[in-house]
Amino acid sequence: QVQLVESGGGLVQAGGSLRLSCVASESTFGFDAMGWYRQAPGKRRELVVGFSSDGSTNYADSVKGRFTISRDNAKNTVYLQMNSLKPEDTAVYYCNAERRQPPYTYNYWGQGTQVTVSS
């Protein structure tokens with residue numbers, strides 16, 4: 001069973017930075033895609049940034065230029081560097097990993113880490 005464990009959330013003032021980490025229980029090379037999602041109170045979960053095994057990376061327009069995804073394959077870890085944080089970035093952030101075994105697609109989620117940005 002794949003496990004994803006997030007950490008790094010917290011309370012930060014607007015304009016500050018945080019780095020989230022997501023440690024996977026197996027090599028990140030084994031997934032077809034990985035990424036970060038977030039869910040604010042009363043809103044749907046949305047994609048923040050994701051990358052695929054084909055090398056493509058997709059950022060939400062709202063975070064372009066401020067957030068950066070990276071990975072350390074030796075540590076089975078994916079990071080989300082968040083700079084210039086805004087109050088509207090407040091949400092629970094979830095790590096996601098996707099494995100495609102046609103006709104099935106398996107999605108794995110971490111438990112989430114809270115990010116709160118004060119104005």
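A pocket here is an open set of points on a 1 Å grid over the protein atoms alone, where a 1.4 Å probe fits and protein lies on both sides within 12 Å along at least five of seven lines. Its volume is the space filled by probe spheres set on the points, which are joined across faces, edges and corners. This is a predicted model, so local features need pLDDT of at least 70 and side-chain atom pairs 80 or more, while totals for chains, interfaces and linings use all residues. Residues count from 1 along each chain as its sequence is written, and side-chain values use heavy atoms, with hydrogens and water left out.

**View 1. The largest pocket.** Its volume comes to about 170 Å³. Lining residues (an atom within 4 Å of a point) include R38, R44, E46, E88 and D89. By class, six are charged (Asp, Glu, Lys, Arg), alongside two polar and two nonpolar ones.

View 2. R38 sits in strand β4 (residues 33-39), strands being DSSP E runs of at least two residues, numbered from the N terminus. At 7% relative accessibility, R38 counts as buried (under 20% relative accessible area, 1.4 Å probe, protein chains only). Its side chain makes polar contacts (N or O pairs within 3.5 Å, one able to donate a hydrogen and the other to accept it) with the side chains of Y93 at 2.9 Å and S62 at 3.3 Å.

**View 3. Strand β8 and its partners.** Five of the six residues of β8 (residues 77-82) are buried, so the strand is largely enclosed by the rest of the structure. Six bridges tie β8 to antiparallel β3 (residues 18-24), with R19 opposite Q81.

Conventions
Helix = DSSP H or I, 4+ residues; strand = E, 2+ residues; numbered from the N terminus. Buried < 20%, exposed > 50% of the residue type's maximum accessible area, 1.4 Å probe, protein only. Pairing = 2+ DSSP bridges.
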